[in-house]
Amino acid sequence: MRPAYCVVGGGISGLVAAYRLRMAAGPDADITLLDPADRLGGVLRTERVGGQPLDVGAEAFVVRRPEMPALLAELGLSRRQIATTGVRPLIYSGGRLHPMPPGTLQGIPAEASSLLGLVDDATVARILDERTRPLHWRRGADPTVAELVGDRFGAQVVTRSVDPLLAGVYAGSAATIGLRSAVPPLAAALDRGAPSLTDAVRAALPPPAGDSVFGALDGGYRVLLDELHRRSAAHWVQVGAERVDRAPRGWEVLDDEGTRWRADAVVLAVPAPRLPKLIEHIAPRTAAAARRIRVASAAVVALALPGGTPLPQQSGVLVAADPHDDRRSLLNAKAVTLSSRKWGRRGNVELVRLSFGRYGDTLARDTGDEDLLTWAARDLSTLFGVTVDPVDSHVQRWIDAMPQYGPGHADLVAELRAGLPPKVAVAGGYLDGIGVPACVASATRAADTLLKLGVAR
């Protein structure tokens, strides 16, 4: 009999897992991909806005991680990789735009001078003094970012420098994200015995990058998704999965139309909130761990402004949600990407993305499209004085799609994986870190786990 695999979830993790299984198992394997969406890709989605392809989910990947460049080379897509133009972002705090502080690690400074103008004089003095105060660090500790940085550098560093970055990446905050998930090199430097947070940041800072830190794809992520689907030769069935059941030989996946799909092995590449329903009867420990992973929702408003609209030569703006700011100076958006500045202009429009929604609020879920568009226009006016009407727009929501990597997340994920039965594996962004490279890594690990069990034959 030919080996049969079932992959539940057609996002980047599911597609990479299907592709890896195909490459290892060969052309005779049956690979079924279950996903009810109107298109494959999950939170990677490319839309045409103003006649140009624009990613309205994740838009970039970290080039320093090897997974994406290696995968693109493997697929013959390296020529489609593009780099940023080199312009830098701004931070909006206290009703003003500030340059992004240089020489920081996720906004955590190595020098007090990098935050001049963004924080007050008392905070600058606190940063300068930090190396003289004893640091009580327990090897392996995983406090929230806010607990460590707030204690050592003060609350303003958290709210004005660190939180804007974490909100843009995680839709969370320094109070919800564990240090080991947000800044692994910093935790490692502290474990090695750095005598202060300042010394740990300096030790953990990567060397200056000669090339762009971030990459993207010419034509958007759709280029990668289509190629992965083609190479995997997976049979895509547009149905949702209800549960995974044991079968006399392997497993069966029951879909929401009542069909059972036989498989020797299964990859579950679904968001954490969807996992318990699928496996709680066969893997209660895994289901319980998945329920402990918190998630946030986000919305993206993509706009095509008329060509020549006066926008600054910056990659975008990260917004500080400082509770002490004058309420009238606050924006609704948590981040603005000036895509035509960041990646280079395409066509005769200026492409802009505004992101809304943070962990703990229901803004992305409950706010109507018209209100989001109105807020986007108001925020652009507040930031840049831009009042022109867009020539095109698109609103995209990502409900419960942004995992929060709380303190102890790595231990939680280890527990989740340990509770899985043989020949069932998990993949996804909630496991080993945020971003497309981490999803590629988790999918590759899932496929390798199944293949090492001798499923392919």
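A salt bridge is taken here as a side-chain nitrogen of Lys or Arg within 4 Å of a carboxyl oxygen of Asp or Glu. The structure is a predicted model, in which local features need pLDDT of at least 70 and side-chain atom pairs count only at pLDDT 80 or more, whereas totals for chains, interfaces and linings use all residues. Residues are numbered from 1 along each chain as its sequence is written, and side-chain values use heavy atoms, with hydrogens and water left out.

Under the salt-bridge rule, the count comes to 27. One of these joins the side chains of Arg243 and Asp245, with 2.8 Å from N to O. Burial was assigned from relative accessible area (buried under 20%, exposed over 50%, partly exposed in between; 1.4 Å probe, protein chains only). Arg243, at 33% relative accessibility, is therefore partly exposed, whereas Asp245 counts as buried because its value is 10%.

The side chains of Arg180 and Asp191 likewise meet in a salt bridge, at 2.8 Å from N to O. This pair links distant parts of the chain, Arg180 belonging to helix α6 (residues 179–182) and Asp191 to helix α7 (residues 184–191), 11 residues apart. Helices (H or I, at least four residues) and strands (E, at least two) are DSSP runs numbered from the N terminus. Arg180 is partly exposed, with a relative accessible area of 27%, while Asp191 is buried at 17%.

A network of salt bridges links Asp38, Arg39, Arg45 and Glu47. Within it, the closest N and O atoms of Arg39 and Glu47 are 3.3 Å apart; Arg39 is partly exposed at 26%, and Glu47 is buried at 13%. Glu47 is also touched by Gln52, a residue of strand β4 (residues 52–55) that counts as buried because its relative accessibility is 18%.

Arg353, in strand β20 (residues 349–356), is buried yet has no salt bridge, and the nearest side chain of opposite charge, that of Glu59, is 4.6 Å away. For this comparison Lys and Arg count as positive and Asp and Glu as negative, His and the chain ends not being counted. A polar atom of the Arg353 side chain lies 2.9 Å from the backbone oxygen of Gly57. Beyond four places in sequence, the residues that Arg353 touches include Leu54, Asp55, Val300, Ala335 and Thr337.

A search of the whole structure finds 2 aromatic pairs, defined for rings of Phe, Tyr and Trp (its six-membered ring) whose centres lie within 6.5 Å, with planes under 30 degrees apart counted as stacked, over 60 as edge-to-face and the rest as tilted. Tyr170 and Tyr405 form an edge-to-face pair, 5.5 Å centre to centre and with 70° between the planes. Tyr170 is buried at 3% relative accessibility, as is Tyr405 at 2%. The ring centres of Phe356 and Trp375 are 6.4 Å apart and their planes stand at 45°, so this pair is tilted. Phe356 lies in strand β20 and Trp375 in helix α14 (residues 369–384), 19 residues apart; Phe356 is buried, with a relative accessible area of 0%.

How values were computed. Contact = heavy atoms within 4.5 Å. Polar contact = N/O pair within 3.5 Å; in protein donor to acceptor, adjacent residues only side chain to side chain.
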